[in-house]
Amino acid sequence: MSTNKVLVLGGNFAGLTAALSLKHELQDGVDITVLSKSDQFQFNPSFIWIPFGRRKVKDVVFPVAKTFTSHDVKFVHGEATTIDPAAQQVQTTQGVLGFDYLVIATGYRNDFEVVPGLGPAGNAYSITSLEGAVDAAEGWARLVNDPGPVVVAATQGAACFGAAYEFVFNVTYQLRRQKLQVPVAYVSAEPFPGHFGIGGLPGGETLLGMFFRRQKIEPIFDVAMEEVAPGELRLADGRTLPFKYAMVVPPFVGAEVVHASGLG
């Protein structure tokens, strides 16, 4: 009996889970190859701790090759350039890889285009990438030495509201530890606290509202962001919020995986 070839594009949460789960279920009945442009697994949920020194980069990444090979999964460190579904092949920077089944698990990209002033060269930090979390840590160290207003926000179209909520509560905790008293505001396009883009969670609005009051965080909901200007967040309703430190969670979009050929 022939062995099915499975090619997985992407080696982080989705790609690793797909590859190891298929190998566990099908054993010798499947030949699995993972292609990833990064040879490091990144534990994204811990990015929120990096700005405050609770995690270092070395704590949230590890090389993936050994994990895959120990489960009899081949790992190729490279990038896909073209999918040819008719020929069942993927052109990559490491040569041509064939497949019987293709799993695209390339993860998310930050969509910084949604609001002017976002992005690595912009006026706010974003902890939704490892590089962004490291930059946010450097910014936080500067804020501690030169305090001022803090704004934490989730843009219109954002999906990872949980990270924004966790971050703003971490901010108030860290400010108390440093004995710093500065205004803290939370901005979200959600219609109410705890909406999370899914209509809300049981008790979420009440619980989060209580946390905002106790932590003295100014909550601003149901408003889009217009621009992150230097030192000032401009909202679509005309309001402006000054800041010395801003962290904004952007929307996510799918990776620009490849140009697919043979699709007519």
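**Notebook: a helix pair and a pocket**

I began with helix H5 (residues 161-177) and helix H6 (residues 204-215), whose axes come within 11 Å and cross at roughly 25°. Axes here are lines fitted to C-alpha atoms, for helices over the stretch in contact, with angles from 0 to 180 degrees between N-to-C directions. Helices are DSSP runs of H or I with at least four residues, strands are E runs of at least two, and both are numbered from the N terminus. That crossing makes H5 roughly parallel to H6 (angles under 35 degrees count as such).

I noted that this is a predicted model, with local features needing pLDDT of at least 70 and side-chain atom pairs 80 or more, while totals for chains, interfaces and linings use all residues. Residues are numbered from 1 along each chain, and side-chain values use heavy atoms, without hydrogens and water.

Which residues of H5 and H6 make the contact? I found Tyr165, Val168, Phe169, Thr172 and Arg176 of H5 with Leu208, Phe211, Phe212 and Gln215 of H6 (contact means heavy atoms within 4.5 Å).

Next I looked up the largest pocket, which holds about 1100 Å³ of space. A pocket is an open set of 1 Å grid points where a 1.4 Å probe fits, with protein on both sides within 12 Å along at least five of seven lines; lining residues have an atom within 4 Å of a point. Its volume is the space filled by probe spheres set on the points, joined across faces, edges and corners. Of its 41 lining residues, Lys37, Gln42, Thr106, Tyr108 and Arg109 are the closest to the centre. H4 gives the largest share of the lining, four residues.

Definitions and conventions: Angles under 35 degrees count as roughly parallel, over 145 as roughly antiparallel, 65 to 115 as roughly perpendicular and the rest as oblique.
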